[in-house]
Amino acid sequence: MRRFPALDGLRALAAVMVIAFHYGGPSWTWLTGWIGVHLFFVLSGFLITTLLLREEHRYGKVSLRAFYLRRFFRIMPVYLLVLFLYWGLARINGNAESIERGMKYYLLFLNEQLSPAAPFLHSWTIGIEQKFYLFWPAIAFVAVAAVFRRRLVVTLGLLVLFIAMIPPDIAWLSWPIHYVAILLGCLTAIIMHNPRGFALVRPLTHPVTGTVAILAFVVVQVCAQFWPTRLGQEALIGSYAAATAALLPALLSRSVLARGLGLRPLVFVGERSYSLYLIQAIASRATAGLMPAIGHRTTLFFVATTLVALLAADLMYRWVELPMIEVGRRLAAQVSRPAPREGDGTTPTPPTPPASVVGNVQIPRPREVLEDVAPAARG
C-alpha cells in the first residue's frame with residue numbers, strides 16, 4: 001500500500017482531541033484529549049520507520065542526507081512560520097519578552113524545558129520528535145543496516161533503556177516516556193515489514209478481528225479517564241501507546257470502521273493535522289476576538305476554534321507545507337540517487353505472493369508517499 005487512509009483519519013481525530021482538551025472545557029474531560037499527542041508519537045514512529053524500511057528495501061541502504069533534508073523541509077517551514085506569527089502577535093500586544101526569552105529553546109527544539117506558562121508551549125512535541133529522528137536513522141539503519149533480528153534487538157534495547165530512565169516519584173511527567181511511545185511505533189513498523197513478523201499480526205487485518213481491535217481501542221480511550229492516579233501517568237501513556245501500536249494492523253483491514261477512518265473529510269483534516277496542531281492557540285485568540293460572547297473552554301468555543309484553525313491550516317498546507325515538501329524531495333533526490341536493486345518493481349518481474357501488506361513494496365513516488373505525522377506529534 002502506498003497510503004494508509006485510515007491513519008490520516010486517526011491523526012485527524014487525535015488533533016481534534018488535543019484541541020478539545022485545550023479549549024473544550026469540563027464537557028470534554030471524558031475524552032482525555034491530552035493523551036492524543038502520544039497517539040501522534042506512535043503514528044510518527046510507525047510511518048517514518050516504514051518509509052526508511054522501504055527505502056532500504058529498494059536501494060539496499062538509507063541515505064541519511066536525503067532523510068534529514070526531507071525532514072527539514074517537512075517540519076521547519078511551517079514551524080518557523082507559526083513561531084514568527086506568535087512573536088509578531090506578541091510584539092503587537094506589547095508582551096514579546098516572554099517568547100523572546102524562550103526563543104533559544106524553540107530554535108534548538110528544547111521546548112519541553114520551557115516553563116508551563118510559556119507561549120507556544122504545545123510545540124514541545126515537535127522538540128521531542130526532532131531530537132529522536134536526529135539519531136534514530138543512524139542507529140537503526142546504519143549501525144544495524146538490513147539485519148532484522150539485530151534491528152529488533154536494538155529497538156527493544158532502546159525501549160528498555162528509556163523505560164529504565166523514568167524516575168520514580170516525580171511531580172512532572174518524565175520526558176523518556178514520550179520516546180517510549182515513538183519507539184513502540186518504530187517497533188511495530190519493523191515487525192510488520194518482516195514476513196515472519198507480519199504473520200504474527202496478520203489476524204488483526206481480518207475485517208472481523210480488525211473491527212474488534214478498533215472498538216477495543218475506543219474503550220481504552222474512553223476508560224483512560226479512570227486510570228488510577230497511584231499508578232502514575234507514565235504507566236498510562238505506556239499502556240495507551242502499546243494499545244495504539246496494536247491498533248495499527250487493524251487499520252489495514254477492510255472493516256467498516258477502518259474504511260470509515262479513510263473517508264475524505266477525515267483524510268482532509270488528517271493531512272492538515274500538523275499545521276492544525278501548531279496554529280491552534282492563535283486560532284483560539286482569533287475566535288475569542290471574533291466571537292467575544294462565547295465563553296472560553298466551552299463546546300461552542302472548541303468547535304469554533306477548530307474551524308478557524310482548520311481554515312488557517314488549509315492555507316498553510318497548500319501554500320507552505322506541500323511546496324516545501326516538494327523542495328525537500330527534489331533536494332534529497334539530488335544528493336542521493338542510488339540505483340534500485342533488481343526486482344524492486346522498477347522493471348517487470350514475475351509476481352510473488354506478498355508476505356506483508358506493508359513490506360516488500362517500492363518506496364513511494366512524490367504524491368504517493370506515506371507522510372509522517374509530525375504534529376504534532378506532527379500537547
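1. H2 covers residues 36-59, and at 1.5 Å a residue its 24 residues should span 34 Å; the expected span is 1.5 Å times one less than the number of residues. The end C-alpha atoms of H2 are 35 Å apart, which agrees. Helices here are DSSP runs of H or I with at least four residues, strands are runs of E with at least two, and both are numbered from the N terminus. H2 is mostly covered, with 22 of its 24 residues buried. Buried means under 20% relative accessible area, exposed means over 50%, and partly exposed lies in between, with a 1.4 Å probe and protein chains only. Just after H2, Gly60 has a positive phi of about 90 degrees.

2. A word on how to read the numbers. Residues are numbered from 1 along each chain as its sequence is written, and side-chain values use heavy atoms, with hydrogens and water left out. As this is a predicted model, local features need pLDDT of at least 70 and side-chain atom pairs count only at pLDDT 80 or more, while totals for chains, interfaces and linings use all residues.

3. Now for the whole chain. The protein chain has 15 helices and zero strands. Of its 379 residues, 52% count as buried. Its accessible surface comes to about 17,600 Å², and 68% of that belongs to carbon and sulfur atoms. These areas come from the Shrake-Rupley method with a 1.4 Å probe, and for residues only the protein chains shown count as cover.

4. The loop between helix H1 (5-23) and H2 holds Thr32, and Gly33 is found in the loop between H1 and H2 as well. Thr32 has a positive phi of about 50 degrees although it is not a glycine. Thr32 counts as buried because its relative accessibility is 7%, and Gly33 counts as buried at 3%. Leaving aside neighbours within four places in sequence, Gly33 is in contact (heavy atoms within 4.5 Å) with Met17, Val18 and Phe21. Gly33 and Gln225 are 192 residues apart in sequence, yet their C-alpha atoms are 9.7 Å apart in space.

5. Next, the aromatic rings. Rings of Phe, Tyr and Trp (its six-membered ring) pair if their centres lie within 6.5 Å; planes under 30 degrees apart count as stacked, over 60 as edge-to-face and the rest as tilted. By this rule there are 20 aromatic pairs. One of them is the stacked pair of Phe132 and Trp136, at 5.6 Å centre to centre with 20 degrees between the planes. Both residues lie in helix H6 (residues 124-143), four residues apart, about one turn of the helix. Phe132 is buried at 7% relative accessible area, and Trp136 is buried at 2%.

6. How are the rings of Trp175 and Tyr179 arranged? Their centres are 5.8 Å apart and their planes are at 85 degrees, so the pair is edge-to-face. Trp175 counts as partly exposed because its relative accessibility is 41%, whereas Tyr179 counts as buried at 6%. Ring pairs link Phe132, Tyr133, Trp136, Phe162, Trp175 and Tyr179 into a cluster.

7. Two arginines are worth a look. A charge sits over a ring if NZ of Lys or CZ of Arg is within 6 Å of the ring centre and within 35 degrees of the ring normal. Arg151 lies over the face of Phe141, at 4.3 Å from the ring centre. The charged end of Arg272 sits over the ring of Phe268, 3.6 Å from its centre.

8. On to the core. A nonpolar core is a set of buried Ala, Val, Leu, Ile, Met, Phe, Trp, Tyr and Cys residues joined through side-chain atoms within 4.5 Å. The largest one has 104 residues, and Val82, Tyr106, Trp136, Leu251 and Leu278 touch the most other members. Helix H8 (residues 176-193) gives the most to this core, with twelve residues. Not counting residues up to four places away in sequence, Val82 touches Phe120, Leu278, Ile279, Ile282 and Met316.

9. Thr287 is found in helix H14 (residues 273-290) and is buried, with a relative accessible area of 1%. Beyond its neighbours within four places in sequence, Thr287 is in contact with Phe301, Ala304, Thr305 and Val308. Arg297 is found in the loop between H14 and helix H15 (299-335). Phi of Arg297 is near 55 degrees, a positive value in a residue other than glycine, and Arg297 counts as partly exposed at 42% relative accessibility.
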